[in-house]
Amino acid sequence: MAFAADASARIRGAPSVLAVTYGAGALNVVNAIAGSYAEKAPVVVVSGAPASGERTGGLLVHHQAKRFDSQLAIFREITCDQACLDDPARAPAEVARVLASARRLSRPVYLEVPRDLFDAPCAAIARLPDAEPDAEAIAACADEVLARLAAARRPVLMVGVEVRRFGLEAEVARLARTLAIPVVTSFLGRGLLASSDAPLAGTYLGAAGDGAVSALVEESDALLLLGVIVSDTNFGVSPTRVDLRHAIHALDGCVRLSHHAYPDIPLGALVTALLARAPRLSDARRVETAHPPHGLADDARAVTPVDIAAGINDLMAEHGRFPVSADVGDSLFTGLDLEPTDYVAPGYYATMGFAVPAALGIQATTGRRPLVLVGDGAFQMTGWELGHCRRYGWDPIVVVLNNSGWRMLSAFRPGARYAELGTWDFAACANALGGRGWRIETRHDLQLALGSAASDRGQFHLLDVRLAPDALSETLRRFAGARAPQATNNAI
Ligand SMILES: Cc1ncc(Cc2c([C@H](C)O)sc(CCOP(=O)(O)OP(=O)(O)O)c2C)c(N)n1
């Protein structure tokens with residue numbers, strides 16, 4: 001359920017809490033929290049630990065892997081702040097410090113509580129005030145950024161995940177409108193500014209994306225990256241296409257310009273300073289990008305990923321926007337063909353198993369009915385969490401892209417036998433888990449199942465969509481084509 005806590009933090013834009021048991025529980029969430037760290041989801045991990053006296057009793061304690069502090073050492077690597085609350089007198093200040101780090105950096109944190117101290121009395125925990133940034137440094141930084149943009153012939157703004165994590169979308173849309181320079185989103189920032197009138201040109205996917213958007217970014221002589229994680233997936237597998245020496249990169253509270261940097265510049269303070277002095281630099285208009293697919297055909301033809309996107313877009317046009325959680329593999333790329341909606345997906349850390357528990361976290365903490373896009377391989381890992389739905393009244397609509405294998409891997413290495421999974425009958429399993437299962441063979445089946453699921457509340461619906469092994473999304477085809485011929489096993 002660590003993915004559930006992660007998705008809840010993402011979609012609410014606020015920290016979530018994950019309580020785990022020492023050892024087997026805490027170490028079981030390491031992969032998910034590593035993904036939270038990589039993609040800046042502020043999850044507060046609270047773990048039990050051996051009682052103070054047990055550490056000197058001479059016995060190994062059940063769940064202990066190596067040393068008593070091995071777990072803390074592991075979580076130091078995947079959280080931005082930590083505390084072991086073994087002294088009630090110091091605990092309030094330590095918890096306040098750790099929670100302030102989670103808010104300031106939008107990254108996971110770790111609290112460990114010896115089991116004999118869980119109900120030890122201690123003083124109230126005061127919320128630490130946000131640190132005051134240096135106004136002079138921020139002004140100097142904003143002036144230099146704007147001077148760079150004004151001197152450029154082709155300035156471009158790219159917005160990324162931190163704009164969402166720090167709730168800056170409205171301010172950044174205003175900044176984009178004021179500067180009137182072209183704006184694109186990174187892969188992880190997809191959906192940002194979608195409902196604004198900012199001069200948005202689309203989502204940058206490098207060699208795998210829209211050629212006009214890629215040209216805008218790659219030919220820019222002043223690329224302002226606001227809150228963008230510079231990774232291979234965000235830069236379309238080919239970082240060499242973008243010369244970051246000409247870029248201005250604001251991430252993790254630091255602004256880098258070519259070969260120098262301004263430390264301690266919170267993104268919100270930078271955006272405010274830019275807004276206060278931004279001139280109109282161009283006359284860019286919103287670019288009408290290719291409209292997401294609609295109009296799922298009602299016929300007996302086999303389903304393809306673009307049909308799934310069209311069917312979901314039709315459904316949202318009729319029933320309103322669902323929050324969507326997508327897993328890695330072609331689910332992630334099919335999600336790019338959806339109309340803009342709240343969308344959580346591990347687009348950079350790219351772990352499998354995220355989407356189903358993420359959907360449960362969304363419904364548990366927002367009350368909204370989610371829609372899930374997940375491959376058969378990823379469903380095999382965590383799809384069984386759907387068994388919790390009946391007890392809590394959750395009713396996600398789960399679309400399984402069942403192509404009988406790890407198609408994202410075989411797209412890069414055709415014929416790889418390790419990618420073959422056989423065909424599992426997830427529809428039959430759904431009924432046993434307390435939901436309604438649909439075996440989808442044709443586009444008619446898909447249209448019927450989506451409409452029925454949307455009209456039936458109170459139970460989850462699992463649409464087991466049978467796809468041909470070579471039925472890939474256009475984006476995955478381009479991604480696979482974009483990689484060098486000696487593609488590695490690890491797709492992204
Ligand atoms: C926990 C885990 N293990 C392995 C991987 C590597 C991997 C991918 C990453 C990206 O390297 S994509 C992928 C296949 C996913 O199969 P499925 O869910 O059926 O989706 P599809 O058939 O659409 O590919 C794997 C195994 C991963 N991302 N996460």
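This briefing walks through the salt bridges of the structure above. The model is a predicted one, and it holds 26 salt bridges.

**A bridge between distant parts of the chain**
- D395 and R457 form a salt bridge, and their closest N and O atoms are 2.5 Å apart.
- This pair links distant parts of the chain, with the two residues 62 residues apart.
- You will find D395 in the loop between α15 (389-392) and β15 (397-402), while R457 sits in the loop between α18 (443-455) and β17 (461-466).
- D395 is buried, at a relative accessible area of 2%, whereas R457 is partly exposed, at 49%.

**A bridge from a loop to a helix**
- E420 pairs with R407 in a salt bridge whose closest N and O atoms lie 2.8 Å apart.
- Because E420 belongs to the loop between α16 (407-412) and α17 (426-433) and R407 to helix α16, the pair ties together parts that are 13 residues apart in sequence.
- R407 is buried, with a relative accessible area of 6%, but E420 counts as partly exposed, at 46% relative accessibility.

**A partly exposed pair**
- The side chains of R90 and D87 meet in a salt bridge at 3.3 Å, N to O.
- R90 is partly exposed, with a relative accessible area of 40%, and D87 is partly exposed too, at 26%.

Methods. Residues are numbered from 1 along each chain as its sequence is written. This is a predicted model: local features need pLDDT of at least 70, side-chain atom pairs count only at pLDDT 80 or more; totals for chains, interfaces and linings use all residues. Side-chain values use heavy atoms; hydrogens and water are left out. A salt bridge is a side-chain nitrogen of Lys or Arg within 4 Å of a carboxyl oxygen of Asp or Glu. Buried means under 20% relative accessible area, exposed over 50%, partly exposed in between (1.4 Å probe, protein chains only). Helices (H or I, at least four residues) and strands (E, at least two) are DSSP runs, numbered from the N terminus.
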